[in-house]
Amino acid sequence: MSDTTHLTLAPYYHPTTICFVDDNEQFLASLELELPGDWACRTFSDPEEALAFLNQPIPLQPLMDRCFSLKRDTKQAVIHLDLSLIEQEISHVDRFRRNAVLVVDYAMPSLNGLQFCEALEDTHIRRAMLTGVADEKLAVQAFNAGLIHRFFPKQKEDPILRTHDFVEELVDEYFNQYTVRLKSTLAIDPPAFLTDPLVADWVHALMDQHHLVEYYLVDDPPGFLMLKSNGEIWRLAILSARAVSRQAELAAEFGAPPALINALSAGTKALFLAGLSPEDYFGDEDFPWEEHVQAAMAISNEWTVAIWKDAPADIDFDPAVASYDAYRRTL
(Lines give C-alpha, C1' and ligand atoms only; values in the text may rest on other atoms or scores of the structure.)
Protein backbone atom coordinates (compact mmCIF):
# COMPACT_ATOMS: atom_id res chain seq x y z
CA MET A 1 0.00 0.00 0.00
CA SER A 2 1.37 3.43 -0.86
CA ASP A 3 1.44 6.64 1.15
CA THR A 4 -0.39 8.60 -1.53
CA THR A 5 -3.94 9.85 -1.14
CA HIS A 6 -6.58 7.28 -2.05
CA LEU A 7 -9.76 8.62 -3.64
CA THR A 8 -11.80 5.42 -3.57
CA LEU A 9 -11.90 1.88 -2.21
CA ALA A 10 -12.52 -1.11 -4.45
CA PRO A 11 -15.25 -3.59 -3.40
CA TYR A 12 -12.45 -6.01 -2.61
CA TYR A 13 -8.66 -6.09 -2.57
CA HIS A 14 -6.00 -8.76 -2.21
CA PRO A 15 -2.31 -9.08 -3.07
CA THR A 16 -1.54 -10.08 -6.63
CA THR A 17 1.55 -11.10 -8.55
CA ILE A 18 3.63 -8.36 -10.16
CA CYS A 19 5.40 -9.41 -13.35
CA PHE A 20 8.66 -7.88 -14.64
CA VAL A 21 9.95 -8.68 -18.13
CA ASP A 22 13.35 -7.51 -19.35
CA ASP A 23 16.02 -9.32 -21.33
CA ASN A 24 18.67 -7.56 -19.17
CA GLU A 25 19.25 -10.16 -16.46
CA GLN A 26 21.53 -7.83 -14.49
CA PHE A 27 18.73 -5.26 -14.27
CA LEU A 28 16.28 -7.91 -13.07
CA ALA A 29 18.73 -9.14 -10.43
CA SER A 30 19.18 -5.58 -9.11
CA LEU A 31 15.43 -5.06 -9.16
CA GLU A 32 14.74 -8.19 -7.11
CA LEU A 33 17.10 -6.93 -4.39
CA GLU A 34 15.30 -3.57 -4.13
CA LEU A 35 11.64 -4.66 -4.22
CA PRO A 36 9.64 -4.86 -0.97
CA GLY A 37 9.91 -8.24 0.69
CA ASP A 38 6.14 -8.58 1.01
CA TRP A 39 5.49 -8.37 -2.74
CA ALA A 40 4.77 -11.49 -4.79
CA CYS A 41 6.84 -11.01 -7.94
CA ARG A 42 7.87 -12.98 -11.00
CA THR A 43 10.74 -11.84 -13.21
CA PHE A 44 11.40 -13.07 -16.75
CA SER A 45 14.30 -12.43 -19.09
CA ASP A 46 12.54 -14.42 -21.85
CA PRO A 47 9.44 -12.57 -23.12
CA GLU A 48 7.96 -15.71 -24.67
CA GLU A 49 8.14 -17.51 -21.34
CA ALA A 50 6.62 -14.49 -19.60
CA LEU A 51 3.75 -14.31 -22.06
CA ALA A 52 2.97 -17.97 -21.58
CA PHE A 53 2.87 -17.41 -17.82
CA LEU A 54 0.62 -14.36 -18.03
CA ASN A 55 -1.79 -15.98 -20.48
CA GLN A 56 -2.30 -19.11 -18.39
CA PRO A 57 -5.99 -19.33 -17.44
CA ILE A 58 -6.84 -19.28 -13.73
CA PRO A 59 -9.55 -21.86 -12.93
CA LEU A 60 -11.66 -19.62 -10.69
CA GLN A 61 -13.45 -16.73 -12.37
CA PRO A 62 -12.51 -13.28 -11.03
CA LEU A 63 -14.59 -12.46 -7.96
CA MET A 64 -16.05 -9.42 -9.70
CA ASP A 65 -17.59 -11.64 -12.37
CA ARG A 66 -19.16 -13.87 -9.72
CA CYS A 67 -20.52 -11.13 -7.44
CA PHE A 68 -21.98 -8.88 -10.13
CA SER A 69 -25.59 -9.66 -11.06
CA LEU A 70 -28.90 -8.16 -12.19
CA LYS A 71 -32.19 -7.96 -10.35
CA ARG A 72 -34.65 -9.54 -12.75
CA ASP A 73 -37.61 -7.46 -11.66
CA THR A 74 -35.95 -4.04 -11.99
CA LYS A 75 -33.00 -4.76 -14.32
CA GLN A 76 -30.84 -2.96 -11.78
CA ALA A 77 -27.23 -3.98 -11.31
CA VAL A 78 -26.35 -5.19 -7.84
CA ILE A 79 -23.21 -6.29 -6.07
CA HIS A 80 -23.72 -9.57 -4.28
CA LEU A 81 -20.63 -10.35 -2.20
CA ASP A 82 -21.69 -12.72 0.56
CA LEU A 83 -19.69 -15.05 2.78
CA SER A 84 -20.15 -18.02 0.44
CA LEU A 85 -18.46 -16.10 -2.39
CA ILE A 86 -15.75 -14.83 -0.08
CA GLU A 87 -15.16 -18.39 1.12
CA GLN A 88 -14.69 -19.51 -2.48
CA GLU A 89 -12.22 -16.70 -3.03
CA ILE A 90 -10.03 -16.87 0.08
CA SER A 91 -9.84 -20.67 -0.03
CA HIS A 92 -8.46 -20.44 -3.57
CA VAL A 93 -4.77 -19.59 -3.29
CA ASP A 94 -4.61 -18.80 -7.00
CA ARG A 95 -6.30 -15.46 -6.26
CA PHE A 96 -2.78 -14.22 -5.53
CA ARG A 97 -1.57 -15.47 -8.91
CA ARG A 98 -3.81 -12.99 -10.71
CA ASN A 99 -1.52 -10.47 -12.34
CA ALA A 100 -2.39 -6.87 -11.54
CA VAL A 101 0.69 -5.15 -12.98
CA LEU A 102 3.14 -5.86 -15.76
CA VAL A 103 6.40 -3.91 -16.11
CA VAL A 104 7.97 -4.68 -19.49
CA ASP A 105 11.00 -3.38 -21.35
CA TYR A 106 10.41 -2.08 -24.86
CA ALA A 107 13.63 -3.21 -26.58
CA MET A 108 13.75 -7.01 -26.37
CA PRO A 109 14.71 -9.62 -28.96
CA SER A 110 11.94 -11.61 -30.64
CA LEU A 111 9.16 -9.55 -29.05
CA ASN A 112 9.22 -5.86 -28.17
CA GLY A 113 7.26 -4.37 -25.27
CA LEU A 114 4.34 -3.16 -27.39
CA GLN A 115 3.98 -6.49 -29.17
CA PHE A 116 4.08 -8.15 -25.76
CA CYS A 117 1.26 -5.95 -24.44
CA GLU A 118 -0.83 -6.56 -27.55
CA ALA A 119 -0.50 -10.32 -27.02
CA LEU A 120 -1.84 -10.21 -23.44
CA GLU A 121 -5.22 -11.92 -23.10
CA ASP A 122 -6.15 -10.29 -19.78
CA THR A 123 -7.15 -6.73 -20.63
CA HIS A 124 -7.44 -5.74 -16.97
CA ILE A 125 -3.69 -5.99 -16.27
CA ARG A 126 -2.17 -2.53 -15.76
CA ARG A 127 0.84 -2.19 -18.04
CA ALA A 128 3.99 -0.08 -17.62
CA MET A 129 6.79 0.06 -20.17
CA LEU A 130 10.47 0.89 -19.76
CA THR A 131 11.87 2.71 -22.78
CA GLY A 132 15.08 4.00 -24.21
CA VAL A 133 15.31 7.62 -25.37
CA ALA A 134 14.70 6.61 -28.99
CA ASP A 135 11.49 4.80 -28.04
CA GLU A 136 9.71 7.66 -26.23
CA LYS A 137 7.59 8.68 -29.24
CA LEU A 138 6.31 5.14 -29.60
CA ALA A 139 5.58 5.01 -25.87
CA VAL A 140 3.54 8.23 -26.02
CA GLN A 141 1.51 6.85 -28.91
CA ALA A 142 0.94 3.56 -27.04
CA PHE A 143 -0.10 5.46 -23.90
CA ASN A 144 -2.57 7.62 -25.84
CA ALA A 145 -4.00 4.51 -27.47
CA GLY A 146 -4.52 2.85 -24.07
CA LEU A 147 -2.10 0.01 -24.77
CA ILE A 148 0.05 0.96 -21.77
CA HIS A 149 -0.78 2.89 -18.59
CA ARG A 150 2.68 4.22 -17.63
CA PHE A 151 6.08 4.62 -19.26
CA PHE A 152 9.39 6.18 -18.37
CA PRO A 153 12.90 6.19 -19.83
CA LYS A 154 15.50 3.97 -18.28
CA GLN A 155 18.22 6.51 -18.93
CA LYS A 156 16.62 9.60 -17.39
CA GLU A 157 15.47 8.20 -14.07
CA ASP A 158 16.49 5.33 -11.86
CA PRO A 159 13.87 2.73 -12.87
CA ILE A 160 14.46 0.67 -9.75
CA LEU A 161 13.89 3.66 -7.47
CA ARG A 162 10.70 4.61 -9.32
CA THR A 163 9.25 1.10 -9.50
CA HIS A 164 7.84 0.91 -5.98
CA ASP A 165 5.60 3.98 -6.22
CA PHE A 166 4.18 3.50 -9.67
CA VAL A 167 3.54 -0.22 -9.19
CA GLU A 168 1.49 0.52 -6.06
CA GLU A 169 -0.42 3.20 -7.98
CA LEU A 170 -1.16 0.69 -10.74
CA VAL A 171 -2.28 -2.00 -8.25
CA ASP A 172 -4.78 0.50 -6.83
CA GLU A 173 -5.94 1.28 -10.38
CA TYR A 174 -6.35 -2.43 -11.11
CA PHE A 175 -8.83 -2.93 -8.26
CA ASN A 176 -10.50 0.46 -8.66
CA GLN A 177 -11.57 -0.64 -12.15
CA TYR A 178 -14.24 -2.63 -10.33
CA THR A 179 -15.58 0.43 -8.50
CA VAL A 180 -15.76 2.31 -11.81
CA ARG A 181 -17.53 -0.66 -13.36
CA LEU A 182 -20.10 -0.70 -10.56
CA LYS A 183 -20.80 3.01 -10.93
CA SER A 184 -21.03 2.99 -14.70
CA THR A 185 -23.17 -0.11 -15.24
CA LEU A 186 -26.89 0.51 -15.27
CA ALA A 187 -28.17 2.09 -12.05
CA ILE A 188 -25.93 0.67 -9.38
CA ASP A 189 -24.76 2.84 -6.50
CA PRO A 190 -21.87 1.32 -4.54
CA PRO A 191 -21.85 1.83 -0.76
CA ALA A 192 -21.08 5.50 -0.12
CA PHE A 193 -17.99 4.80 1.97
CA LEU A 194 -16.28 3.22 -1.06
CA THR A 195 -16.11 6.63 -2.74
CA ASP A 196 -15.24 8.76 0.31
CA PRO A 197 -11.51 9.71 0.16
CA LEU A 198 -11.34 10.14 3.93
CA VAL A 199 -12.54 6.57 4.48
CA ALA A 200 -10.21 5.28 1.77
CA ASP A 201 -7.17 6.88 3.38
CA TRP A 202 -8.22 5.68 6.84
CA VAL A 203 -8.64 2.08 5.65
CA HIS A 204 -5.29 2.08 3.85
CA ALA A 205 -3.58 3.48 6.97
CA LEU A 206 -5.23 0.75 9.06
CA MET A 207 -3.94 -1.90 6.66
CA ASP A 208 -0.41 -0.50 6.73
CA GLN A 209 -0.38 -0.24 10.52
CA HIS A 210 -1.64 -3.75 11.20
CA HIS A 211 -0.28 -5.56 8.13
CA LEU A 212 -3.72 -6.38 6.75
CA VAL A 213 -3.37 -7.48 3.13
CA GLU A 214 -6.92 -8.34 1.96
CA TYR A 215 -10.43 -7.00 2.32
CA TYR A 216 -13.87 -7.95 1.01
CA LEU A 217 -17.07 -5.90 1.12
CA VAL A 218 -19.68 -7.32 3.50
CA ASP A 219 -22.92 -6.23 5.14
CA ASP A 220 -24.65 -6.62 8.52
CA PRO A 221 -22.93 -4.50 9.61
CA PRO A 222 -21.60 -2.79 6.47
CA GLY A 223 -17.84 -2.76 6.11
CA PHE A 224 -15.12 -5.25 5.26
CA LEU A 225 -13.96 -8.73 6.15
CA MET A 226 -10.17 -8.33 6.27
CA LEU A 227 -7.24 -10.74 6.44
CA LYS A 228 -3.65 -10.51 7.57
CA SER A 229 -0.96 -12.24 5.55
CA ASN A 230 -1.02 -15.20 7.95
CA GLY A 231 -4.77 -15.64 7.41
CA GLU A 232 -6.03 -14.07 10.64
CA ILE A 233 -9.52 -12.64 10.01
CA TRP A 234 -10.59 -9.17 11.15
CA ARG A 235 -13.97 -7.51 10.75
CA LEU A 236 -14.29 -3.77 10.12
CA ALA A 237 -17.66 -2.06 10.47
CA ILE A 238 -18.10 1.28 8.68
CA LEU A 239 -21.37 2.79 9.85
CA SER A 240 -23.26 5.80 8.54
CA ALA A 241 -25.30 7.88 10.98
CA ARG A 242 -28.38 5.96 9.88
CA ALA A 243 -26.66 2.60 10.45
CA VAL A 244 -25.64 3.72 13.95
CA SER A 245 -29.28 4.57 14.71
CA ARG A 246 -30.49 1.23 13.33
CA GLN A 247 -28.15 -0.68 15.63
CA ALA A 248 -29.48 1.22 18.65
CA GLU A 249 -33.06 0.62 17.51
CA LEU A 250 -32.43 -3.11 17.14
CA ALA A 251 -30.92 -3.32 20.61
CA ALA A 252 -33.88 -1.41 22.11
CA GLU A 253 -36.39 -3.62 20.31
CA PHE A 254 -34.98 -6.77 21.90
CA GLY A 255 -34.45 -5.43 25.41
CA ALA A 256 -30.72 -4.72 25.54
CA PRO A 257 -29.46 -2.92 28.67
CA PRO A 258 -30.12 0.85 28.56
CA ALA A 259 -26.40 1.67 28.91
CA LEU A 260 -25.63 -0.40 25.80
CA ILE A 261 -28.47 1.21 23.84
CA ASN A 262 -27.09 4.65 24.75
CA ALA A 263 -23.55 3.65 23.73
CA LEU A 264 -24.78 2.30 20.39
CA SER A 265 -26.82 5.46 19.80
CA ALA A 266 -23.81 7.64 20.62
CA GLY A 267 -21.54 5.63 18.31
CA THR A 268 -19.10 4.67 21.07
CA LYS A 269 -19.95 0.99 20.60
CA ALA A 270 -20.98 -1.06 17.58
CA LEU A 271 -22.81 -4.35 17.21
CA PHE A 272 -21.69 -7.39 15.25
CA LEU A 273 -24.03 -10.36 15.66
CA ALA A 274 -22.04 -12.71 13.37
CA GLY A 275 -25.18 -14.26 11.92
CA LEU A 276 -27.04 -14.53 15.22
CA SER A 277 -30.28 -12.74 16.02
CA PRO A 278 -31.79 -11.85 19.41
CA GLU A 279 -35.12 -12.90 17.91
CA ASP A 280 -33.89 -16.48 17.54
CA TYR A 281 -32.18 -16.69 20.93
CA PHE A 282 -33.77 -19.24 23.27
CA GLY A 283 -31.22 -19.41 26.07
CA ASP A 284 -32.28 -19.46 29.69
CA GLU A 285 -30.43 -16.19 30.28
CA ASP A 286 -30.73 -12.85 28.55
CA PHE A 287 -29.15 -12.45 25.12
CA PRO A 288 -25.36 -11.99 25.61
CA TRP A 289 -25.15 -8.49 24.12
CA GLU A 290 -21.69 -7.71 25.46
CA GLU A 291 -20.20 -10.64 23.55
CA HIS A 292 -21.26 -8.97 20.31
CA VAL A 293 -20.22 -5.36 20.78
CA GLN A 294 -16.94 -3.55 20.31
CA ALA A 295 -15.66 -0.08 21.01
CA ALA A 296 -16.34 2.30 18.13
CA MET A 297 -15.16 5.75 17.14
CA ALA A 298 -16.07 8.44 14.65
CA ILE A 299 -13.58 9.15 11.86
CA SER A 300 -15.70 12.01 10.48
CA ASN A 301 -19.14 13.54 10.88
CA GLU A 302 -20.44 10.87 8.51
CA TRP A 303 -18.72 7.63 9.50
CA THR A 304 -18.24 5.55 12.66
CA VAL A 305 -15.90 2.54 12.65
CA ALA A 306 -15.32 -0.50 14.85
CA ILE A 307 -12.84 -3.36 14.55
CA TRP A 308 -13.16 -6.99 15.67
CA LYS A 309 -9.74 -8.68 15.70
CA ASP A 310 -9.63 -12.44 15.08
CA ALA A 311 -13.32 -12.12 14.25
CA PRO A 312 -15.71 -15.08 14.04
CA ALA A 313 -16.56 -15.96 10.45
CA ASP A 314 -18.50 -18.95 9.19
CA ILE A 315 -15.92 -19.71 6.52
CA ASP A 316 -14.04 -22.92 5.76
CA PHE A 317 -10.57 -21.45 5.35
CA ASP A 318 -7.16 -23.03 6.03
CA PRO A 319 -4.47 -20.32 6.43
CA ALA A 320 -1.70 -22.91 6.15
CA VAL A 321 -2.78 -23.56 2.55
CA ALA A 322 -4.56 -20.45 1.28
CA SER A 323 -3.10 -17.41 3.08
CA TYR A 324 -0.81 -14.89 1.39
CA ASP A 325 2.14 -16.15 3.46
CA ALA A 326 1.43 -19.67 2.18
CA TYR A 327 1.38 -18.43 -1.42
CA ARG A 328 4.65 -16.53 -1.08
CA ARG A 329 6.34 -19.67 0.22
CA THR A 330 5.56 -21.32 -3.13
CA LEU A 331 7.39 -18.64 -5.17
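I took buried to mean under 20% relative accessible area, exposed to mean over 50%, and partly exposed to mean in between, with a 1.4 Å probe and protein chains only. The model is predicted, and I required pLDDT of at least 70 for local features and 80 or more for side-chain atom pairs, while totals for chains, interfaces and linings use all residues. Residues are numbered from 1 along each chain as its sequence is written, and side-chain values use heavy atoms, with hydrogens and water left out.

Entry on ring pairs. I paired rings of Phe, Tyr and Trp (its six-membered ring) if their centres lie within 6.5 Å; planes under 30 degrees apart count as stacked, over 60 as edge-to-face and the rest as tilted. Phe 143 is partly exposed at 40% relative accessible area, and Phe 151 is partly exposed at 26%.

I next looked up Phe 152 and Phe 166, whose ring centres are 5.0 Å apart with planes at 70°, so this pair is edge-to-face. Phe 152 belongs to strand β8 (residues 150-153) and Phe 166 to helix α7 (residues 159-184), 14 residues apart, and the pair links distant parts of the chain. For these elements I used DSSP runs numbered from the N terminus: helices (H or I, at least four residues) and strands (E, at least two). Phe 152 is buried at 3%, and Phe 166 is buried with a relative accessibility of 3%.

I also noted a cluster linked by ring pairs, with Tyr 12, Phe 193 and Trp 303 among its members.
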